[in-house]
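Here are my notes for your review. Please read them with the model open.

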Amino acid sequence: MSASKWVSTSMPYLTPREKGQGDAWSADAAAQGRRGSQRIVHAGEVPAPTEVARLLEVPAGEPVVVRQRLILLDDEPNELTDTYYPIGIARGTGLAGTAKIPGGAVTLLARLGHVGALVREDVTAGMPDEEERKALRTAPGEPVLRLTRLTLDRDDRPIQVDRMVMPTLRQQLRYETRIG
């Protein structure tokens, strides 16, 4: 595996952080001797795309809150992530703004009383659109991985949908499941 390849695991991004801890991405990258940062490209209310509406159990086109980010690893594009929240959870909170959220969004959700209990992830591969290709600086003809993550609370209510796009040649996804 080349030094620039990133091994991605989901667990650090699913649990709230302790007070004073930075965001999960920066900490995860630092633990691997790398530098992780992100740029908020857009945040605010948007009409729910069809797939997001289905996952959040709202009508297509109904307003939801989105945070669109460019995730950087050692100052190079590593991932595009759009995170969607139901209006009833995110409207008027830091999730709807472009400011950095201390401890990250999952920590803020927990403070607001919304804790994830079940996560479902679907991964597909395909070709990026031109905007994704430019943002991620992929070569022409290079495919991307698309990961969609749905987070449900203890009552099986959806609280968050993440849609991530990652260059296949720079990513490795690792899934670890504790049994018993």
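1. A polar contact here is a pair of N or O atoms within 3.5 Å; within protein, one must be able to donate a hydrogen and the other to accept it. The model is predicted, and side-chain atom pairs count only at pLDDT 80 or more. By that criterion, the side chains of Thr83 and Arg69 make a polar contact at 2.6 Å. The side chains of Thr83 and Asp162 are also joined by a polar contact, of 2.6 Å.

2. Where does Thr83 lie? Thr83 belongs to strand β4, residues 76–86. Its relative accessible area is 0%. Buried means under 20%, so Thr83 counts as buried. Beyond its neighbours within four places in sequence, Thr83 is in contact with Val65, Val66, Arg67, Arg69, Gln160, Val161 and Asp162.

3. Next, the strand pairing. β3 and β4 run antiparallel and are joined by 10 bridges. Val66 has Tyr84 in β4 as its bridge partner. Two residues separate the strands in this hairpin, where Asp74 takes a positive phi near 50 degrees. β3 also pairs with β2 (residues 36–47), antiparallel, over 11 bridges. There, Gln38 stands opposite Ile71 of β3. Nine of the 11 residues in β3 are buried, so the strand is mostly covered.

4. Now the nonpolar cores. Which members of the largest core touch the most other members? They are Leu56, Val58, Val64, Tyr84 and Val161, out of 13 residues. At least two residues come from each of α2 (50–56), β3 (63–73) and β6 (144–152). α2 gives the most, with four residues. In soluble globular proteins, nonpolar side chains tend to be buried together.

5. Leu56 deserves a look of its own. Setting aside its neighbours within four places in sequence, Leu56 is in contact with Val64, Tyr84, Tyr85, Pro86, Pro158, Gln160 and Val161. Another core, of 10 residues, lies apart from the largest one. Tyr85, Ile87, Ile89 and Ile159 are among its members.

6. Please check the backbone at two loop positions. Most residues other than glycine have a negative phi. Arg137 is not a glycine, yet has a positive phi of about 55 degrees. Arg137 is in the loop between α5 (130–136) and β6. Is Arg137 buried or exposed? At 54% relative accessibility, Arg137 is exposed, the cut-off being over 50%. Asp156, also not a glycine, has a positive phi of about 60 degrees. The loop between β6 and β7 (158–167) holds Asp156.

Key
Residues are numbered from 1 along each chain as its sequence is written. This is a predicted model: local features need pLDDT of at least 70, side-chain atom pairs count only at pLDDT 80 or more; totals for chains, interfaces and linings use all residues. Side-chain values use heavy atoms; hydrogens and water are left out. A nonpolar core is a set of buried Ala, Val, Leu, Ile, Met, Phe, Trp, Tyr and Cys residues joined through side-chain atoms within 4.5 Å. Buried means under 20% relative accessible area, exposed over 50%, partly exposed in between (1.4 Å probe, protein chains only). Contact means heavy atoms within 4.5 Å. Two strands pair if DSSP finds at least two bridges between them.
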